Amino acid sequence: MTFSKLMDNVNSKGPFQFLVTVLLGIPILGMANHNLLQIFTAATPTHHCRPPPNASAGPWLLPTGPNGKPEPCLRFAYPPNASLPNDTQGATEPCLDGWVYNISTGNSIVTEWDLVCDSNKLKEMAQSVFMAGILIGGIVLGDLSDRFGRKPILSCSYLMLAASGSGAAFSPTLPTYMALRFLCGFSISGVSLSTVILNVEWVSTRMRAITSATIGYFYTFGQFILPGLAYGIPQWRWLQLTVSIPYFAFFLLSWWVPESIRWMVLSGKSSKALKILQWVAIFNGKKEEGEKLSLEDLRLNLQKEMSLAKAKYSVADLFRIPILRRVTFCLSLAWFATGFAYYSLAMGVEEFGFNLYLLQLVFGGVDIPAKFITILSISYLGRHITEATTLLLAGGSILALIFVPSDLQTLRTVLAVFGKGCLSSSFACLFLYTSELYPTVIRQTGMGVTNLLTRVGSMTAPLVRITGEMHPFIPNVIFGTTALLGGSAAFFLPETLNRPLPETIQDMENWSPRAKEPKLESDTEKATQRIPLAALWTGPAPQLRAAETPFPASRD
């Protein structure tokens, strides 16, 4: 008996799975708030140099740029109260006395710590530091989760995110703010990784895509919450606090989330695993099936899985074992390209010249059709074709921005929204695809390492955007080309459509065409490879809508 069949015996798509999906999904609503928070808390309003203290109370003449607008970083270097014609091109100097900001729509870290002109790069650095926290968290927490369990890491990550996020709201200085945002990113890795793994390990093979899709839609709808909060709470400190406080409640709710049965079996905790399975059977209305389970049956039927507990794998094994090395290389490139290109678009909303709050709603709204199309694609066409196609389309749309004049803002926005939708689909597919490719004994470590690369990409994206000061088209060339490379790498990954989760390295090697003789599938077997889009739950629980996998960072 395989683990999937064991789960089917206690109803792998019943009310219990619905409850787990909801408990894991609600905190994901707030993930978008943290990942995209700096769109609003680091917004740069219009500004100009503050006049010298001894300047007259009358109008202060400002130099104008090539576009006819006042220079935000220069002022005339002439004695105060001097009378000069409007067309006089006098000597200029930096803003020695600070800046005057238009704070009619609220304040931000930019207005509080003057992150403009020569200091504008510190704004991008703050976002990069946050992404660095997600990167380090993927390395550290992925390994700890394989060692100590998914649930403890998930609970601790909720608590750390609540504490560090709330602390950032009271930061007295920019370095303190960056340090606390780093911890926010660190904990977000633990939340996203543990959520994905617990989600796929508690459902049957046929239900993985649907429940992962549902988790993904929690993140999507979270993107609609952020603009509303930012509009209603224009002060950045209160906004930061508002999106962080709920995670104290999520920390308490996490104690209702059960530990992974697979992990408990592999960790030698079979007795506890049996009790949880029997409780799940009762919850799903399968009490008789649960009573038939015994510790001896569990050990006998899962003898293969239990033997894996003796095998210890580390990050080095991802590159030492050939099959793992190929999968890790291709996944890493796909993850990097997705995060790299995604945050180039998601964090550049201000550049398109429309209302910031409305445009963010559009950027979030595109995820709804994009992820629905993705669920159909990964369910019928397969994972690696879907992943490759989404990245290739995203790369093409970003490269197309090079040839669209800056005055055609509507067309540029349409291309950016389309590209962002493709990259959201790529994220959704990657979270499910990666969890299906790696065997149980090293799944969380593999997820952490490959997910790390998307954080490297998201860290690098703000720095690459700075190259636009040399020439506007350079960033899009880099972002678009990288997305095309990531899409090409996805073609070299094995397909996982309707295959059981691999438990061992040998299971992965058996997927290779050279490891087994090709065999024809009957029409009945092919029919079972279709993921149902109706009647998702067999018990009395409410039905759930089919969708696609998460986030961001996530997405998540």
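Mentor: Cys 73 has 24% relative accessibility, so Cys 73 counts as partly exposed. Cys 117 is buried, at a relative accessible area of 18%. Here buried means under 20% relative accessible area, exposed means over 50%, and partly exposed lies in between, with a 1.4 Å probe and protein chains only. The model is predicted: local features need pLDDT of at least 70, side-chain atom pairs count only at pLDDT 80 or more, and totals for chains, interfaces and linings use all residues. Residues are numbered from 1 along each chain as its sequence is written, and side-chain values use heavy atoms, with hydrogens and water left out.

Cys 73 and Cys 117 form a disulfide, with sulfur atoms 1.9 Å apart; the cut-off for a disulfide is a pair of cysteine sulfur atoms within 2.5 Å. The structure holds one disulfide. The S-S torsion of Cys 73 and Cys 117 is about -95 degrees, so this disulfide is left-handed. The pair links distant parts of the chain, 44 residues apart. Cys 73 sits in the loop between strand S1 (47–49) and strand S2 (74–76). Cys 117 sits in the loop between helix H5 (109–113) and helix H6 (120–148). Helices (H or I, at least four residues) and strands (E, at least two) are DSSP runs, numbered from the N terminus.

Two other cysteines are buried: Cys 422 at 8% relative accessibility and Cys 429 at 1%.

Now the packing. The largest nonpolar core has 107 residues. Such a core is a set of buried Ala, Val, Leu, Ile, Met, Phe, Trp, Tyr and Cys residues joined through side-chain atoms within 4.5 Å. Phe 40, Ile 261, Leu 324 and Leu 331 touch the most other members. Helix H18 (residues 322–346) gives the largest share, 15 residues. Leaving aside neighbours within four places in sequence, the contacts of Phe 40 include Leu 226, Pro 227, Leu 356 and Tyr 357. Contact means heavy atoms within 4.5 Å. A second, separate core of 18 residues includes Cys 95, Ala 126, Tyr 177 and Trp 236.

Last, the helix. H24 (residues 474–490) has 17 residues and reaches 25 Å from its first C-alpha to its last, close to the 24 Å expected at 1.5 Å a residue. The expected span is 1.5 Å times one less than the number of residues. Among the buried residues of H24 are Phe 479, Gly 480, Ala 483 and Gly 487. What covers the buried residues of H24 includes H18, H21 and helix H23 (443–465).
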